[in-house]
Amino acid sequence: MNKPHRGTIFTEEAPILAHNAHPGDQYILRLQAPQCAERARPGQFVHLTCDPQLPLRRPISILRTDPRAGWLELLYKAVGRGTRLLARRREGDRIGLMGPIGRPFDPPHGDRPRALLLGGGVGMPPMIFLAEALRRDPVAEPFVLLGSEVPFPFQPTPSRILVPGIPEGVIAAMPLLEDWGVPSRLTSGAGLPGCHGGYVTDLARLWLEALPPGERDRVQIYACGPHPMLAASAALAREYHLPCQVSLEEYMACAVGGCAGCVVEVATERGPAMRRVCVDGPVFDARAVFQAQ
């Protein structure tokens, strides 16, 4: 997982098909980008020109794709100049993008088909994209936990899918995942109805504790979200001796490995080394990024 990903990166002028605002300055953007949509894999991202007056692009994770229709969707939060300018763009505008970029997730295989997917905030999109891919895998058994401290960018629905180990009353789920038959639960510290009142890793721990040891040995963890959440996910994986892949989020200038502005320190067999999140990641083995304290 330390070697750069060498997939082809395309440049497209993508028309905006839909651009919907949600509470908490969150937006879901659908773009017509057939080359990227056809080749994108869960965990990868695109590099967008947010506005003609802002030359530097912004990296945004891919939420969903439809290769046949040629579109992809992105979820982002307007927090800085670039994303606030992006939020002004309207249906029919064209946006320059590069993609798909980066190392995707390695899907579960072998003796660990149970995939525990943890997404926090704007780290939710890679988990949803991965869940969509895994639902077509006859072997994989995905379970998705999503956390947010602001209202979710969708209307939570009471889940019809029973999940042993989840506390009574924690029934809020993502409608899209529910429609796919993928079990999910939501967490929030904001007191949202039906959600677990705490961190996504807290609910993950409850679920893991309820599993028989033999079943726990069939689990691997995937995570994307704020740095503290990823560190907690890595610690949880160490505690239960589970493999864990994390998708990192860093500021980027070029997104193709040239500027080395997104480097992070990782552990390798030869000792500490600097790796570029854009091409060596964004997906890394959690053990390489988050060392035991």
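Does Phe154 count as buried or exposed?

1. The model is predicted. Phe154 counts as buried, because its relative accessibility is 16% and the cut-off for burial is under 20%. Phe152 is likewise buried, at a relative accessible area of 5%.

2. A pair of aromatic rings is described by the distance of the centres and the angle of the planes. Four such pairs are present in the structure. One of them joins Phe105 and Tyr222 in an edge-to-face arrangement, with 5.6 Å centre to centre and 75° between the planes. This pair links distant parts of the chain, 117 residues apart: Phe105 belongs to the loop between strand S6 (94-101) and strand S7 (114-120), and Tyr222 to strand S12 (residues 219-224). Both Phe105 and Tyr222 are buried. Phe152 and Phe154 form a further aromatic pair, which is tilted, with a centre-to-centre distance of 5.3 Å and an angle of 35° between the planes.

3. A charged side chain also meets an aromatic ring: Arg30 lies over the face of Trp71, at 3.6 Å from the ring centre.

4. Strand S1 (residues 10-22) has two antiparallel pairings to record. With S6, the pairing runs over six bridges, and Phe10 stands opposite Gly99 in S6. With strand S2 (residues 26-32), the antiparallel pairing also comprises six bridges; here Ala21 has Tyr27 in S2 as its bridge partner.

5. The hairpin of S1 and S2 has three residues between the strands. In this hairpin, Gly24 adopts a positive phi near 80°.

Terms used:
Residues are numbered from 1 along each chain as its sequence is written. This is a predicted model: local features need pLDDT of at least 70, side-chain atom pairs count only at pLDDT 80 or more; totals for chains, interfaces and linings use all residues. Side-chain values use heavy atoms; hydrogens and water are left out. Rings of Phe, Tyr and Trp (its six-membered ring) pair if their centres lie within 6.5 Å; planes under 30 degrees apart count as stacked, over 60 as edge-to-face and the rest as tilted. Helices (H or I, at least four residues) and strands (E, at least two) are DSSP runs, numbered from the N terminus. Buried means under 20% relative accessible area, exposed over 50%, partly exposed in between (1.4 Å probe, protein chains only). A charge sits over a ring if NZ of Lys or CZ of Arg is within 6 Å of the ring centre and within 35 degrees of the ring normal. Two strands pair if DSSP finds at least two bridges between them.
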